[in-house]
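The sequence and structure come first.

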Amino acid sequence: MSRARSLRRRGGRLGVVVLAGWLFADLLLVLALVSMADRPDPQANDRPEPTPSRTKPSPTPTGPRSVNRHPEEFEVAGTDKGDLVEEIAKDTRKWSGREAALVLTFGGGSNGTVYAHRVNGLLGKARPRMFTKKTATDDYHSLGSPVETAVVRVYFYTAPGG
């Protein structure tokens, strides 16, 4: 009898440890996002002050890119791989020419992380220049959303020097 109690206790502790691990990982992701988005421009002091007598246009700003703080968002639904690729391509057309830094995908239902992972795996097929191998993705579930649907939040890079 005491062995059964100790197993139940260990199972409860294991659940708490797993939950703590997920919370720690999510907090690290949030801290990384905040630190990337709140980074000042290191070359801001190197830029000359504009003068009224200047006739030449200023050079194109260069420097490290940052991550835009405000994500763009779209939704997808369905199970067919081809249909999902088409839907992603259609929904991201308005951001053509931009490069994604981070994608957070929230899949619907209790098994939503599996669906979110599937959607994230198709992003590069739909828009290879937007979603490169350098794009970081993360899979989440949304218990309040219908099964086989996903909300995709895309954080784009800012323009160089901007």
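The buried residues of helix 3 are covered by elements that include strand 1, helix 2 (81-91), strand 2, strand 3 and strand 4. Helices (H or I, at least four residues) and strands (E, at least two) are DSSP runs, numbered from the N terminus; contact means heavy atoms within 4.5 Å. The model is predicted: local features need pLDDT of at least 70, side-chain atom pairs count only at pLDDT 80 or more, and totals for chains, interfaces and linings use all residues. Residues are numbered from 1 along each chain as its sequence is written, and side-chain values use heavy atoms, leaving out hydrogens and water.

**Helix 3**
- The buried residues in helix 3 are Gly112, Tyr115, Ala116, Val119, Asn120, Leu122, Leu123 and Ala126. Buried means under 20% relative accessible area, exposed over 50%, and partly exposed in between (1.4 Å probe, protein chains only).

- Four strands form an open sheet in the order 1-4-2-3, with mixed pairing; two strands pair if DSSP finds at least two bridges between them.
- Strand 1 (72-77) and strand 3 (136-142) are at the edges with a single partner strand each, so one side of each has no neighbour in the sheet.
- Strand 2 (residues 100-108) runs parallel to strand 3 and is joined to it by seven bridges.
- Phe106 has Tyr140 in strand 3 as its bridge partner.

**Loop residue**
- Glu148 lies in the loop between strand 3 and strand 4.
- Glu148 is not a glycine, yet its phi is positive, near 60°.
- The relative accessible area of Glu148 is 38%, so this residue is partly exposed.
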